[in-house]
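Keep the picture open while you read.

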Amino acid sequence: MNTRPIHLTVNNQGYEVLVPEDATLLELLREEIGLTGTKEGCGAGECGACTVILNGKPVNSCLVMALECEGASVRTIEGENADGELSDLQKAFIEHNAFQCGFCTPGMIMSARALLDTNPDPTHDEIKEAMEGNLCRCTGYEAIIAAIEAVGGIQK
Amino acid sequence: MTTATTATLANKEHRYIGKPVKRHDGFEKVTGQAQYAGDIKLSGMLYAKMKTSPHAHARILSIDASRARALPGVRSVITGEHGTAKVGIYMQDKSVIATDYVRYAGEVVAAVAADTLRIAEQAIELIEVEYEPLPALLDVCEAAAEGAPLIHPDLGSYAHSEGVFFPEPGTNIANHTRIRRGNMEAGFAEADIILENTFSQKQVFHVPLETHVTIVQWALDDQIKIWCSGQSPFSVRDLFAIGFEIDRNKIEVNIPFVGGGFGGKAGIHLEPLVGLLSRAAGGRPVKLVPTREEECATLPCRQGQFARIKTGCKKDGTIVAEAVEILWDAGAYADYGVNIGRASSTSACGPYYIPNVCIDAKTVYTNKLFGTAYRGFGHPECFFAIERQRDLMARELGMDPTDFRLKNMLYPGLTTVTGELVTENTGRPDKCLKSAARMIDLHTPYTEAEKAEMRLSGKYRAKAACVLQKAPAMPTWSASSALVQMNEDGSVRISVSGVDYGQGTYTVLQQIVAERLNLPIEKVNINRSVNTTLSPYDWQTVASRMTVICGMAVADAADDLKRQTLEIAAIALRASVHEIALGEGYVYVMQNPHLRVGFDKLAIGYVYENGNAIGGPLIGRGRAIAQGLSNLDPETGQGKAAIDWTYGAHAVELEVDTNTGDIEVLQFANCLDVGQVMNEQLLRGQTVGGILQGIGCALSEAVNYNDQGKMITNNFTDYKIPTFKDMPGEIKLDVVQTPQLDGPYGARGAGEHPLISVTAVIANALANATGAQFHDLPLSATRVHAKLEELREGQVNEIAEGMENFEPTACTA
Amino acid sequence: MPGFLQPTTLEEAFALLDGKGETRFLAGGTDLLVLLRLGAISCDNVMDVKRIPELSTLRLTDETLEIGAAWTCNQILAAPEVGSEYAPLRQASAALANSLLRNRATLVGNICNASPGGDMLPACLVLEGSVVAASSRGERTIALKDFFTGVKKNVLKPDEIVLRTVFPRTQGRGTYLKKKRIHGHDLAQVSVAGFYADDGHLRLALGAVAITPLLLDFGVIPAAELPARRTEIIEAVAAAAKPITDVRASREYRLAMGRLFTERIIDGLIDGSLGLAEDRPCTTPAREAVTA
């Protein structure tokens, strides 16, 4: 198996890792770096469970090749509470019961974080537009929207 | 929840029951720290891959795995010659791995464990399987017909729960459940109107976001450790032990966080297969992570259904007789599926009193993916049929459908189809129906201006309401147990083996213990991951039974701990037990409240000043069993089928774009008689989630196959579940709280119920909007548009698909 | 298992393509990685083309709008150079998949994938789009109306790299309408793009009704003649569509929705409602933008 080194920043930490040439960013994060908060739900970009923020934009990490990310900056769920306490978004998810099984939650939070980074007080429809690529089978989405709206309200 | 119920929810008597307690597992889940089976890496772990059948039905002529075995890095390969053990919960009809035949496309014929997943994938490609394709039976009506080719010629030899299930060897019918009451001939003779309809529904997927991830280590001396994404740790242990004839004590099942189940992770799944790979690899742990495509094509789905209902009514709307015949499309195996037919039969006529009833439910093998438990356990399918039939009959009668329902409803003093007496505490579907109808102003007609706008735009609005019911479906002996142990600091920890895969069970159990022990909720912890060696027994996490049965076990354990605590405290306080009481984290003398001893001083033993110690660690134990259930009479189905019935109702307003066939759910109302709201936020979460899952089943979800029986909806590109953009405009919820006498604090289960009847209420509203009477699902825009085109051209054919193949039994005669 | 190539210049890319077996190009990867994972395609190498500067340019000249191959749908939506006169392109960009995928999915990738239902294809066809492909033998421009040859097939040679999509500067009114099974992310059951240039030139294009996207060029129809020719146009579209039944829709439904959307576009042009919402003159001067 051909492996190649890659250098990148994940949650403001520098990494130099050897990865198989055909590895995805998701595989790099989970298997090589050991950050398993990011989940795989479909492997085909249809569910958003693997959402991370790559160079400021939310992406399905299952559809990014690891070697594309040379020099890139990646943010994952593990970076969301980097200051040692839960972020506003994480607190709002708990407050509003915005998860059940929790498997989609890391991806949901990263998509929501990317949205709030560019649009601090999104409307109901803007939230749906930005979050459409993240599937949840448990909650019916209502509570997730409430959590994101609440953070938007706080930031305002 | 609407404001109407706020007063009833704010029950002043309780400190934690019905109070807004946050989920126990929030921190882990929002930080990504929650560890799911797929996140586990063990030393020496191998990675597995499955090879599956491309044929829906075939004889396996040969399997050559020699090239796979020779590939460097491959540590074990198994095929049918290694796995002839049959494993199944109710009907042992499924081999761990296909042996001589494959019965559905996607069935596992070989599996590999290798050092890396890439090597395992390469090895799978090197395995050559030679098949002799056989004709595939894809239609449940054809499969049920006399003389159909047999999918399981050995059906008569399969072990199953005797006296509970009734296979018919020599046919494709894995189980035939019968319910009989009254006299059908006399009943129908009384009727002024007799209406007969058929209804059909395809299979649907559960779609847990986490697939059935499984890790097994089968070491020497049959020391077996399992980590899996499952709902039923003890069932996995039990069925594994039975299948391979191994002592229960040698098997340990661990359930970490679980990424969704919806019934699909009940029972046993990939554990035996992965176990065989591990054993063949010398006991190294093996991990199998099914891809989404494998989850769809190889792991079970919800069964399909074909139903025929014949209803007799008097002119005044009294239902006098009803015959229901259901063919359950089990797919290739019915190990779990047989119980869906049995259990849902008890609800097949809905919450109505009908004096003359004949119900036949047959679970039928076909050459499709096999079905299993799915949220609602047959009830969503039965209620699509029966609640459609109610609206169709009301139309025949010229009666308001709500009035028609209320006229025939099961009120206290009447009996269910299995002969169970409905009491004042059974629950009130009538109240739920009225509430749901009120929430959407069901009976407020549209104004002329609104109607004109509808005609102009071609977007027609309409409303409908219907009812639902379900009781836990489980063996008569299904039980839970619990431990509540006191920590050194006077806090407590709960151990159970029910699994909280998101529904909120553990939070409710914490509330019960905190309430019972008068402890701050922060001092009540619960074990997050279940382990069958360490955790007390529970049957399965299914059937909306956790709050009720596991809740009763936990309450019992808390009471036991309280009794022990008081016993030691009485000695320490030099008082009699009847003279002392629980404070918040301490025990005090009622007459002299300043005389007290903290839980922390009692938890592991009370120590006197001179060093003498008494008591020892305080461990409360509790248990509960489904009290009073009986097997149903094989001929008549009479017996005690349910410990608690949760009734409810939905109402909907939708808009149908007659130009495109698109349905927009404008508002959706739900009311459940939950007995007692334990946690309003969790209840709303379950309800909203269930409703949207039901909307998916109504509008877009169906498993489809090509003519050869190969699945064509095996991924999220082709199988669409609702997204953020597919939410209803508004969801309104209410509750009725008729206390369940033996439920904890009067509570009933509510996890599955929101999904039941969603399809029916949407199809009824669609009919009200357009006149398009659908007898099958899903109500996709393509199909709605086609039906509307037929209506426009006057070519509507009311006969549902498959009816021409349907052979009625003697039941209706 | 394919190797990974990441050239930073075109010359390097051409050199890497020489004699290295079959190479697939990676832009957004939203199709490629799915197909590779499923084993639907295989190749010896994957070449990430996003670090080649020529592919990262968006340029608005007096004659053309040029969108580099690395530009994603979301970047196109955010680009002021892509004005309302390119409404079909903007609307298709917003209709493709979902916002998350549009952060990766590229216009050129969608074109080269050549799926009959690809969202960008009808929009590009009515806007007279073409692609510029380069190889060690030089560059060539291929009009998109001549580009698609079958399901997931196009006229590109294995060693040709698409550098950009090029549209003529234009003025007119247009739209892209997409029918799908759910409100959320789905492939098109059928899609119709229409563009009515200010000079009266009418083009309609349909997706998911044939093995390739279908372009109907009606030539110049003066606005005054549109009402009289409404039926003729709609029937021409209906006659050209040859859809199949599959898991997403029936043949009949595709035909009916293709007809309905065509009617809506023509009626919108006739009554003036189409294009009014976003109607603003193109004031964007010629300029160049480069991806961040």
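## Salt bridges inside chain B

B:Glu168 is partly exposed, because its relative accessible area is 22%. Keep in mind that you're looking at a predicted model. The partner of B:Glu168 is B:Arg178, and the two side chains meet in a salt bridge at 3.7 Å, N to O. B:Glu168 sits in the loop between α5 (140-144) and β7 (173-181) of chain B, while B:Arg178 is in strand β7 itself, so the bridge ties together parts that are 10 residues apart in sequence. B:Arg178 counts as partly exposed too, with 23% relative accessibility.

Now find B:Arg461 and B:Glu450, whose side chains form another salt bridge, at 4.0 Å from N to O. Here B:Arg461 belongs to strand β16 (residues 459-470) of chain B and B:Glu450 to helix α14 (residues 448-457) of chain B, and the pair links distant parts of the chain, 11 residues apart. How exposed are these two? B:Arg461 is partly exposed at 23% relative accessibility, and B:Glu450 is partly exposed at 28%.

## Salt bridges elsewhere

How many salt bridges are there over all chains? By the rule used here, the count comes to 74. One of them is in chain C, where the side chains of C:Asp146 and C:Lys145 meet at 3.8 Å, N to O. C:Asp146 is partly exposed, with a relative accessible area of 45%, whereas C:Lys145 is exposed, with 58%.

Salt bridges can also join up into a network. A:Glu68, C:Asp48, C:Lys50 and C:Arg104 are linked in this way.

## Where chain A meets chain B

Next, zoom out to the contact between chain A and chain B. Chain A puts in 50 residues, and chain B puts in 50 residues. The area buried between the two chains is about 4100 Å², and carbon and sulfur atoms give 58% of that.

The rule finds 11 salt bridges between chain A and chain B. One to pick out is B:Lys720 with A:Glu46, whose side chains meet at 3.7 Å, N to O. On the chain A side, the elements giving two or more residues are α1 (25-33), α2 (88-95), α3 (105-118), α4 (124-131) and α5 (142-155) of chain A. Sorted by class, that side of chain A has 23 nonpolar, 13 polar and 14 charged residues.

## A closer look at α1 of chain A

Helix α1(A) came up as one of the elements touching chain B. Which of its residues are buried? They are A:Leu25, A:Leu26, A:Leu28, A:Leu29, A:Arg30 and A:Ile33. An α-helix has 3.6 residues a turn, so residues three or four places apart point the same way.

What do the buried residues of α1(A) pack against? Their partners are the strands β1 (3-10), β2 (13-20), β3 (51-54) and β5 (73-75) of chain A. Just after the helix comes A:Gly34, which takes a positive phi of about 90 degrees.

## Where chain B meets chain C

Chain B has a contact with chain C as well, taking 24 residues from chain B and 21 residues from chain C. These two chains bury about 1700 Å² between them, with 56% of it on carbon and sulfur atoms.

Between chain B and chain C the count is 3 salt bridges. In one of them, C:Arg248 pairs with B:Asp718, and the closest N and O atoms are 3.1 Å apart. On the chain B side, α9 (292-297), β28 (662-673) and α20 (781-793) of chain B each supply at least two residues. That side of chain B divides into 4 nonpolar, 10 polar and 10 charged residues.

Chain B averages a pLDDT of 94, and 96% of its residues score at least 70. Residues 1-11 of chain B stay under 50, and the model gives them 20 contacts beyond four places in sequence. Residues 796-813 of chain B are below 50 as well, with 37 contacts beyond near neighbours in sequence. Where pLDDT is low, the predicted coordinates should not be read in detail.

Notes: Residues are numbered from 1 along each chain as its sequence is written. Chains are lettered from A and ligands numbered from 1 in the order in which they are written. This is a predicted model: local features need pLDDT of at least 70, side-chain atom pairs count only at pLDDT 80 or more; totals for chains, interfaces and linings use all residues. Side-chain values use heavy atoms; hydrogens and water are left out. Contact means heavy atoms within 4.5 Å. Buried area is the accessible area (1.4 Å probe) that two parts lose on being put together, summed over both. Helices (H or I, at least four residues) and strands (E, at least two) are DSSP runs, numbered from the N terminus. Ala, Val, Leu, Ile, Met, Phe, Trp, Tyr, Cys and Pro count as nonpolar, Asp, Glu, Lys and Arg as charged, and the others, Gly among them, as polar. Buried means under 20% relative accessible area, exposed over 50%, partly exposed in between (1.4 Å probe, protein chains only). pLDDT is the predictor's confidence in each residue, from 0 to 100.
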